[in-house]
Amino acid sequence: MDLNIIQTWSSSSVRTWRSEALGGDVGQRVQVEFYVNENTFKERLKLFFIKNQRSSLRIRVFNFSLKLLTCLLYIIRVMTDNPDQSSSSSHSVGQQNNPSGNSKCVDCQWNGSEQDREINWELIFWVDRKAPVWAIQVIVAIISFLETMLLMYLSYKGNIWEQIFQVSFLLEMINTVPFIITIFWPSIRNIFIPVFLNCWLAKCALENMINDVHRAIQRTNSAMFNQVLILICTLLCLVFTGTCGIQHLERAGKNLTLFNSFYFCIVTFSTVGFGDVTPRIWPSQLLVVIMICVALVVLPLQFEELIYLWMERQKSGGNYSRHRAQTEKHIVLCVSALKIDLLMDFLNEFYAHPRLQDYYVVILCPSEMDLQVRRVLQIPLWSQRVIYLQGSVLKDQDLLRAKMDDAEACFILSSRNEGDRTAADHQTILRAWAVKDFAPNCPLYVQILKPENKFHVKFADHVVCEEEFKYAMLALNCVCPATSTLVTLLVHTSRGREGQQSPEQWQRMYGCCSGNEVYHIRLCDSKFFGEYNGKSFTYASFHAHKKYGVCLIGIKREENKNILLNPGPRHIMAATDTCYYINITKEENSAFIFNQEERKGRPAGGLYDGPSQLPVHSIIASMGTVAMDLQNTSPPEDSGGKLVPPTVNGTGSRRPSIAPVQELADSSSILPCDLLSDQSEDDSVFTDEKDSSCLEYVKGYPPNSPYIGSSPTLCHLLAEKAPFCCLRLDQGCRHNSFEDAKAYGFKNKLIIVSAETAGNGLYNFIVPLRAYYRSRKELNPIVLLLDNPPDHHFLEAICCFPMVYYMAGTMDNLDSLLQCGIIYADNLVVVDKESTMSAEEDYMADAKTIVNVQTMFRLFPSLSIITELTHPSNMRFMQFRAKDCYSLALSKLEKKERDKGSNLAFMFRLPFAAGRVFSISMLDTLLYQSFVKDYMILIARLLLGLDTTPGSGYLCAMKVNEEDLWISTYGRLFQKLCSSSAEIPIGIYRTECHIFASSESQVSVSVDDCEDTKDKAEEARSTDQTDHPLLRKKSMQWARRLSKKGGKWQGLSRDSSKEHSQRITQQRLSLYRRSEREELSDLIRNRMRHLGLPTSGYEDLANLTASDVMNRVNLGYLQDEQNDQQNTLSYVLINPSPDTRLELNDIVYLIRSDPLAHVPDEPPVNHSTLKERHKSGLETREDAHH
């Protein structure tokens, strides 16, 4: 609408005010009237008839009703029509024809031959119109005519002929002007007027009316509805026009009824053509031809437009029904690009919970659905529950299409494959803001990539930051092996049925234990924990595991929102506590089956007196119910059933006993477990220390956080910040002259992190490794191998941590690896690089990382390499061996599990089971699972050390040595830890040796027999040519000849030529057998000499024994480059049964209670001294407890 400003100076339109201004000035004001053109009569009419939505809609409804009324009047006129009467009426006008002759003519037409038939044109031009019908039609015609002329006047734009020759105007004139003329010329009152053509005007009025309705309610996504309506109206108008036209023309022929004409039109337009009803005269036949031609032109155009809109609708997804949104529950998944892996992970995890089976999933994505996603969504399992909508979250119309305001939750996922992850986070933030603005009551589940962007979405109900979890998990992998596998299995929904059909014991145990998840229940409602009301947490955890096989790991007070992992023996269980436990299924889906001994009741004094009283659990996992067979736990009758305390000097003949877990334990008597041996006198900040070397470190909170929102963690810090120049490992400075890792003389092995840039997420890698609860003597030096030098902001954040260094270099450069001290490292962490996350072929994004890690695997076989991949499916290429028959068998097992519908089909891949490969996409299920378990994100953060709640424990690990094997079983170990150090075990990391014969059969042996099995394997390799992948064909032929002749040559005299030939052959075999390992060793030594690095610390790792390698790596894998076979495998057992036997070198995952939670109220004297040493002025956790 144009804005016209008219200023008028007449006295009627101008008002003048005189007022006194400051300083005595006199001002003059002029009143300006706006929108003056709308005050004219024409503009007011235009506003009422055209511009105003509601009034124009009423006008169109009235016009549509008039057109329908005229069509109805035409039908009434036809029903009351009498051709004889119309013929007699024509005589009265002046035709002077004999009516009987007309009757004879009609009879002649009916009875004569078709060639002799004559057309009575009078029946075509004249009809019998009753006076009431005529009167009503005249009134309607006058109203329609006046309306048409008024609208023509209001819409006139300078070209009168363009408006006159419009089809709608011509039809209006044809159907209205003749009726008006009959008022002044009564003799032609019965003239035929094609009023049935008003159906086309009714069609146009209906279209305009629908458009006004959509405009009034602001509906813009109605193109499909409009097109369907237009098509239906076009078909109806064609049929109605043909029916009325043929019926009228056939008045002069066969005199068809209206129904017969309708029947003929339907049969004709449907291309059936029975032929029982046909037009007999040429005018009606000509009309049929015209109607068919019009239909052939109009209908294909309408169908083409409809098909186009239908295809566009299929792409965009249409709308989610408002009725369904109000009657059914649905959630909305917002992504920038939907990949098939992401979709299947979400659907499998979301619908794995029984109570979510009736939910609908609405996917809102700006990109078009790709072919793979379309195929999946056409599967009946998903087609009825998943709706794909193409649209933007930033548009309210698209959010309205998805019915976001009625959704139960909204998941906003980031595009991790973008080259610019910061830009991807910005898009996620805007989407979260848009959803919060449109539907403020809809719960938000947001996935963010970089930690510095997390505070922008802190209003969301649940937020998962990928880099925080990724680096914390990779860091814990270095000190607690396979933490990534442990957490991944915990956050995945599984029934524990994977691998149960496998012939191998480890696969059955590993698959069954993978079904354990974290659940919660109130103590007063629990059968597991209800009987421990008023008992200590440690007592409840141990006895619940002994009796039911569940592992109680944490609690939450009713008055406190914080979850505490292993709050320790001082915590007394209350009826209102919420218990968090690990089990194969939740208690609500469990059935309790007691033996007869249990039904009769336990004898008096039925406390758990010894760890030998272990139940044998029979756990049947199913979707609905887990049956627990509670066996008789009475002690055996033999004399060795009870453990007696050891002698004072520890030299007695009896083995040590395990003290019972007290109901109300005195925490002052809880000492660190002797098995751990990782608590030292310098672990506490409150002990008197005289060693000057201990003064270098203090415990406090890091003074500089690289981003907003990081959780404060008490850490080992330097008393004074290190200068930036001292953080560079490979360059000396004025403070020190060290230029390589060897010169520093580190006592512990290095941890090397290879990353592209020093992002803020790396801060979360350092903090868990420098946490206060880790022994100062066991801190590993950290070296950051960065492609790009870090900025000062990052250096400012890490300069307060001890033994943290960086250097510029890449992992595909051997010189860089040697300079950063890789030969002195136990762990190499390879972080996925942002620049390689996007590739032309999606799954090729990991190609460079995989090949570089394979090179490291060959160069440094004893090094533990922990790799992050973009796509989990690529983990099968990690430490790839082309002739490893066992890996091929595991590949087939993975396919079988995937066909069975397992969500963890990749779990049997050896790199994943051993915790040597990790993909952040595996943790997507953590966000999905939080919809049902809102506590899972917090528990995962506590386990990984991302959050440190006062009084909450932390994850650590202990190794089972030979002197610990007397404990025998996992249940006895549970009791030992609970009674001595109040620690809660949650799982085992186990390593087994596997030797493969030529028949591809594998033999499992214990780790302590590894030396013998290796020797046997060496002997077996001497007679099997398939175990020598580096031997040439000719050399293998010589080896077979030698093996055949060996028996003949013994005891026989050999001439010099044969001895010389045999010696050359053996040397050649030895040369070929050791060529690759020696070449690699020589390469490394030469590069070290070239760089000026000492080679004294480098060992030929090919000569290490199996036990040496296992002790060095502490991850339990061996490599044999000669036979190209995997000799060992490692896997995680979550919450194994109490009767599980412990094995040598088992690593037990523990949740250790907070050391500062039980500090006496009066701190020691030297606490203030330490605070004086630490100048940061930050409040310690111990002060927060007081």
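Ser 168 is partly exposed, with a relative accessible area of 32%; by the convention used here, a residue is buried under 20% relative accessible area, exposed over 50% and partly exposed in between, with a 1.4 Å probe and protein chains only. This serine belongs to helix H8, which covers residues 167-184. Helices (H or I, at least four residues) and strands (E, at least two) are DSSP runs, numbered from the N terminus. Between Ser 168 and Asn 198 there are 9.4 Å in space, C-alpha to C-alpha, and the two are 30 residues apart in sequence.

The structure is a predicted model, in which local features need pLDDT of at least 70, side-chain atom pairs count only at pLDDT 80 or more, and totals for chains, interfaces and linings use all residues. Residues are numbered from 1 along each chain as its sequence is written, and side-chain values use heavy atoms, with hydrogens and water left out.

The protein chain contains 39 helices and 32 strands. It has 1186 residues, of which 52% count as buried. Its accessible surface, computed by the Shrake-Rupley method with a 1.4 Å probe, comes to about 55400 Å², and carbon and sulfur atoms contribute 54% of that area. Among contacts (heavy atoms within 4.5 Å) with a separation of 6 or more, 75% join residues 24 or more positions apart.

Two buried loop residues were examined. Ala 402 occupies the loop between helix H17 (396-401) and strand S8 (409-412), and its relative accessibility of 0% places it in the buried class. Beyond its neighbours within four places in sequence, Ala 402 is in contact with Tyr 320, His 330, Val 332, Val 362 and Leu 389. Lys 450 lies in the loop between strand S9 (444-448) and strand S10 (462-465) and is buried, with a relative accessible area of 9%. With neighbours within four places in sequence again left aside, the contacts of Lys 450 are Arg 421, Thr 422, Asp 425, Cys 465, Glu 467 and Glu 834.

Helix H20 (residues 483-491) is mostly covered, with nine of its nine residues buried. These include Thr 483, Leu 486, Leu 490 and Val 491.

Two packed helices are described by the angle between their axes and the distance between the axes. The axes are lines fitted to C-alpha atoms, for helices over the stretch in contact, and angles run from 0 to 180 degrees between N-to-C directions. Helix H19 (residues 466-479) packs against helix H32 (residues 936-944) at an angle of about 40°, the axes being 10 Å apart. H19 is therefore oblique to H32, given that angles under 35 degrees count as roughly parallel, over 145 as roughly antiparallel, 65 to 115 as roughly perpendicular and the rest as oblique. Glu 468, Phe 469, Ala 472, Met 473 and Leu 476 of H19 meet Ile 937, Ala 940, Arg 941, Leu 943 and Leu 944 of H32. The residues of this contact comprise eight nonpolar, no polar and two charged; Ala, Val, Leu, Ile, Met, Phe, Trp, Tyr, Cys and Pro count as nonpolar, Asp, Glu, Lys and Arg as charged, and the others, Gly among them, as polar.

In a second pair, helix H22 (residues 537-548) and helix H33 (residues 970-980) cross at roughly 175°, and their axes come within 10 Å. The two helices are therefore roughly antiparallel to each other. Thr 538, Ser 541, Phe 542 and His 545 form the H22 side of the contact, while Tyr 970, Gly 971, Phe 974, Gln 975 and Cys 978 form the H33 side. Here the residues divide into four nonpolar, five polar and no charged.
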